[in-house]
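Student: Could we go through this model together, with the cut-offs spelled out as we meet them?

Tutor: Gladly; here it is.

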Amino acid sequence: MVQARIGQGIDVHPLVAGRDLVLGGVTIPHRFGLEGDTDGDVLTHAIMDALLGALALGDLGQYFRRGQPEVDGAHSITLLQRVCDMMKENQYVIGNVDATVVAEMPKLAPYRKQMQEMLAQAMDIAPSQISIKATTTDHLGMLGREEGIMAQAVILLWPLI
């Protein structure tokens, strides 16, 4: 019997100078960007890992490795579309996505709707199916010192019947 599936994903990248800050496919003005082989978009990466987890297909590293031409410098939104293709091949659809970004700065509220729209377009769902929350660590730890940004995501998949 095919049934609903839940997956969760987490991603963390350090903040570095000389890169754009991309979250949920949206470039956000900030003095630092996220380090990574791709654009470093931790929000999109967490969502991709949640999708792969719900499908029991492993993690991002199994599909997108450093040194692959399609990975180095890639827009994470493009990779998300590929993961969604895998979901469709396995005959599932997204019920909803609930994600949290942990960062002291920048403030993300002004970009939330744009991130929802960008992610929804990539996943072929309605923006209302995506919740994006932001929080801080109240200046505790590496995230609190603005050394990096973390994102967590949970996703519910429904079988195509």
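**Salt bridges, sheet and helix**

Tutor: The structure holds five salt bridges, a salt bridge being a side-chain nitrogen of Lys or Arg within 4 Å of a carboxyl oxygen of Asp or Glu. This is a predicted model, in which local features need pLDDT of at least 70 and side-chain atom pairs count only at pLDDT 80 or more, while totals for chains, interfaces and linings use all residues. Residues are numbered from 1 along each chain as its sequence is written, and side-chain values use heavy atoms, with hydrogens and water left out.

Student: Which residue forms a salt bridge with Arg-66?

Tutor: Arg-66 sits in the loop between helix H2 (60-63) and helix H3 (76-89), and its partner lies 29 residues apart from it, in the loop between E4 and H1. Helices here are DSSP runs of H or I with at least four residues, strands are runs of E with at least two, and both are numbered from the N terminus. The closest N and O atoms are 3.0 Å apart, and the partner is Asp-37.

Student: Is Arg-66 buried or exposed?

Tutor: Buried means under 20% relative accessible area, exposed over 50%, and partly exposed in between, with a 1.4 Å probe and protein chains only. Arg-66 has a relative accessible area of 68%, so Arg-66 is exposed.

Student: What separates Lys-113 and Glu-117 along helix H4?

Tutor: Their side chains meet in a salt bridge at 4.0 Å, N to O. Lys-113 is exposed at 57%, whereas Glu-117 is partly exposed at 39%. An α-helix has 3.6 residues a turn, so residues three or four places apart point the same way. Because Lys-113 and Glu-117 are four residues apart in H4 (residues 112-123), the separation is about one helical turn.

Student: In what order do the five strands form the open sheet?

Tutor: Two strands pair if DSSP finds at least two bridges between them. Strand E1 (residues 5-16) pairs with strand E7 (residues 148-159) in the antiparallel sense over ten bridges, and E1 also pairs with E4 (residues 33-34), antiparallel, over two bridges. Strand E5 (residues 92-102) and E6 pair in the parallel sense over six bridges. The pairing is mixed, and the order is E4-E1-E7-E5-E6.

Student: Which strands are the edge strands?

Tutor: An edge strand in this sheet pairs on one side only. For E6, Lys-133 is the bridge partner of Thr-100. The edge strands are E4 and E6 (130-135).

Student: How many of the 13 residues of H1 are buried?

Tutor: H1 (residues 42-54) reaches 18 Å from its first C-alpha to its last, close to the 18 Å expected at 1.5 Å a residue; the expected span is 1.5 Å times one less than the number of residues. Among the buried residues are Val-42, Leu-43, Ile-47 and Leu-51. H1 is largely enclosed by the rest of the structure, because the number of its residues that are buried is twelve.

Student: Which residues make the nonpolar surface patch of about 220 Å²?

Tutor: One of them, Ile-10, lies in strand E1 and is partly exposed at 41%. The patch is made by Ile-10, Val-12 and Met-142.

Technical notes. Patches are made of residues with over 30% relative accessible area and no salt bridge: like charges are joined within 9 Å, nonpolar side chains (Val, Leu, Ile, Met, Phe, Trp, Tyr) within 5 Å. Accessible areas come from the Shrake-Rupley method with a 1.4 Å probe; for residues, only the protein chains shown count as cover.
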